[in-house]
Amino acid sequence: MWHALLTVLGLSAAAIAFTVAAGKALAARREPARTLKLTASSLFHSGTIFLLGTPAVYSAVGTVFGAPHLAALLINTVGLLCVGHAHLMAVLWHPAHGDGEPPRRQVLAWAPLYGGTVLAMAVLYALADPAGEARPLLFAPDYVHSPQVLAFHLVYFAALFAVVTATVLRCRALLASQGPRLTPELRRCVREFALAVALDLAHVCCVAAAMIGAAGGLRLDGLAEAAWLTTAASGLVANYSLVRLSLAARRQERRDHQTLRPLWQTVVRADPQLVLAPGLLWGGWDTRIALSRRLVEIRDGARSLSPWMSSAPARAVEQLARRGFVGFDLVAAQAAATLLYAADARGNGRPPADSATLLAALPGEDVPATAERAHLVLVARHLDHPVVLEALVLARRARAGAGVGRR
């Protein structure tokens, strides 16, 4: 009954992990970010642990290769690599690295530990040469009196403890960093990540307790069989924190896409040909693609309105700001007023602005590329702001007055 439950849990969790890993891998193909690749790889390793920890699969691996308890070596190896993914992720999160070049010094410093641990476990497993009936997941307590098996587990425990400690300390340093402030979502993600990695030590406690009990004649087989769940669960919880962060980013993308709609309608209405041709059907479900398309169309639309961009609305916003109007962003309000004025002028068939009043560039056009999305969202929020609407009234009065003066 217990093995049947473990089988159902293991296979179900493996299927979920592999499915999410496939989704992350596809996302990494569209956006080759190192964190996405690491997340996909880590989920694949977590799924592999669940699969190998299933009693039927555990026994089948040993039978097929003629090596009892070979799955124990594979589970420990994949488990260490899974924690290694978390370790590298914590390193890449450091503000000094971001998502740029990998920190080679850190990789080179820790590579001998990972490689040496895997090699030492493989050698010790071969020297132990386990024989007889291979009861699934009970390698540690069944062979506790073998010096090679004892050394096998001590090497793994020591490496796991070192890596988990280093990863948790890096997460703590990131939370206490005096560098760029983390968003609340990212701070929560880092805390969950550190907690998940620390759960790997529960595997050490479970296996060690089962080994000590077996050495003293007390069988704690259930504890030993459930120990692998802690490592796999740790990987899933760590990746859940990353997936949740990704889902939060997608929700923000959807909100920004909707917020940008009035601005998009304003700049595109005069020239519908600026709208990009429909992409692939599945691309319509990707919020990042949809948001990118909308940003491109807004930029093209604003560029097409440049001949009608008069300096009058921007000057009016500045005058209102000097009069004491507060609660708005000056540059965003100037950009919103300028675009609304230009779109109205073009839509009503008025001639382009004369050279004396023509704006050289839209206010805020010089923002860095990384801040462009946030800037345009802010511009969109100012389209119906009272100071923008008042500035448009002043600019139109000035235009009407100038028209009367010319007569």
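Arg399 sits in helix H16, which covers residues 386–406; helices here are DSSP runs of H or I with at least four residues, numbered from the N terminus. This is a predicted model, where local features need pLDDT of at least 70, side-chain atom pairs count only at pLDDT 80 or more, and totals for chains, interfaces and linings use all residues. Residues are numbered from 1 along each chain as its sequence is written, and side-chain values use heavy atoms, with hydrogens and water left out.

Back to Arg399. With a relative accessible area of 28%, Arg399 is partly exposed. On this scale, buried means under 20% relative accessible area, exposed means over 50%, and partly exposed is in between, using a 1.4 Å probe and protein chains only. Leaving aside neighbours within four places in sequence, Arg399 is in contact with Tyr341 and Arg350, where contact means heavy atoms within 4.5 Å. Ala312 is 87 residues from Arg399 in sequence, yet the two C-alpha atoms are 8.5 Å apart in space.

**Pocket and cavity**

The pocket is lined by 20 residues, and the closest to its centre are Ser310, Tyr341, Asp354, Thr357 and Arg399. H16 gives the most to this lining, with six residues. Helix H13 (312–322), helix H14 (330–347) and H16 each supply at least two lining residues.

A word on how these spaces are found: on a 1 Å grid over the protein atoms alone, a pocket is an open set of points with protein on both sides within 12 Å along at least five of seven lines, a cavity is a set where a 1.4 Å probe fits but cannot get out, and lining residues have an atom within 4 Å of a point. Points are joined across faces, edges and corners, and the volume is the space filled by probe spheres set on them.

By that rule there are two cavities of 30 Å³ or more. The largest cavity has a volume of about 200 Å³. Its lining counts 15 residues, with Ala72, Asn76, Leu137, His203 and Val207 nearest the centre. Helix H4 (70–92), helix H6 (139–142), helix H9 (200–215) and helix H10 (221–259) are the elements giving two or more residues to that lining.

**Salt bridges**

Side chains of opposite charge can pair when their charged atoms come close. How many salt bridges does a search of the whole structure find? The count is seven, taking a salt bridge as a side-chain nitrogen of Lys or Arg within 4 Å of a carboxyl oxygen of Asp or Glu. Three of them are listed here.

| Pair | N to O distance |
|---|---|
| Asp256 and Arg373 | 2.8 Å |
| Glu372 and Arg299 | 2.7 Å |
| Arg350 and Asp344 | 2.7 Å |

Take the salt bridge between Asp256 and Arg373. Asp256 lies in helix H10 and Arg373 in helix H15 (residues 372–381), so this pair ties together parts 117 residues apart in sequence. Asp256 is buried, at 7% relative accessible area, whereas Arg373 is partly exposed at 27%.

Next comes the salt bridge of Glu372 with Arg299. Glu372 is in H15 and Arg299 in helix H12 (residues 287–304), so the pair links parts that are 73 residues apart in sequence. Both ends count as partly exposed: Glu372 has 22% relative accessibility and Arg299 has 30%.

Arg350, already mentioned as a contact of Arg399, forms its salt bridge with Asp344. Arg350 is partly exposed at 24% relative accessible area, and so is Asp344 at 26%.

The buried residues of H13 are Ala312, Pro313, Ala314, Ala316, Val317 and Leu320. Just after H13, Gly324 takes a positive phi of about 115°.

Not counting residues up to four places away in sequence, His382 touches Phe328, Asp329, Ala332, Ala333, Ala336 and Val388.
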